[in-house]
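User: I have a structure open and would like to talk it through. Can you take a look?
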Amino acid sequence: MDIFVGSIPFKFKEKDLEALFTPFGEVVSVKIIIDKATRQNKGFGFVEMKERKDGLSAIQALNGSDQLGRAIVVSEAKKDKEGEPAFKKPRQWNKGKKKNNVITWG
DNA sequence: TCTGAGCGC
């Protein structure tokens, strides 16, 4: 499932989100939205977890929790519906080269 | 290299 994470500190990185969600289940991918022009952290991101139940428990546990002094918002991503693909086109993380705002895993 | 509701290139 895809999880929306908002109000995260601007200093947050993908690794930080991965470290937050990993204890609740297997994290498939992590992404933090960064402005394409200025490369600035937009303050929200997404975490994809393998098991939906783990994602839900992670949401309940991490939503509103303090991270680096800020209460983050954790909720299920809008486009992620049960039985439907989260997006029209598949996103691949371990393909091609690494970009500025994307960390390739593995 | 600022910012603070919002949903991803």
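Analyst: Some notes on the numbering and the model come before the answers.
Analyst: This is a predicted model, where local features need pLDDT of at least 70, side-chain atom pairs count only at pLDDT 80 or more, and totals for chains, interfaces and linings use all residues. Residues are numbered from 1 along each chain as its sequence is written, chains are lettered from A and ligands numbered from 1 in the order in which they are written, and side-chain values use heavy atoms, leaving out hydrogens and water.
User: OK. Which residues in H2 are buried?
Analyst: Asp 54, Gly 55, Ala 58, Ile 59 and Leu 62. Buried means under 20% relative accessible area, exposed over 50%, partly exposed in between (1.4 Å probe, protein chains only). Helices (H or I, at least four residues) and strands (E, at least two) are DSSP runs, numbered from the N terminus.
User: What does the face turned away carry?
Analyst: The exposed residues Lys 53 and Gln 60.
User: And what do the buried ones pack against?
Analyst: S1, H1, S3 and strand S6 (73–76). Contact means heavy atoms within 4.5 Å.
User: New topic: what does Leu 17 touch?
Analyst: Not counting residues up to four places away in sequence, Leu 17 touches Val 5, Phe 12, Val 30, Lys 31, Ile 32 and Val 47.
User: Last one. Where is there a positive phi just after H2?
Analyst: At Gly 64, with a phi of about 85°.
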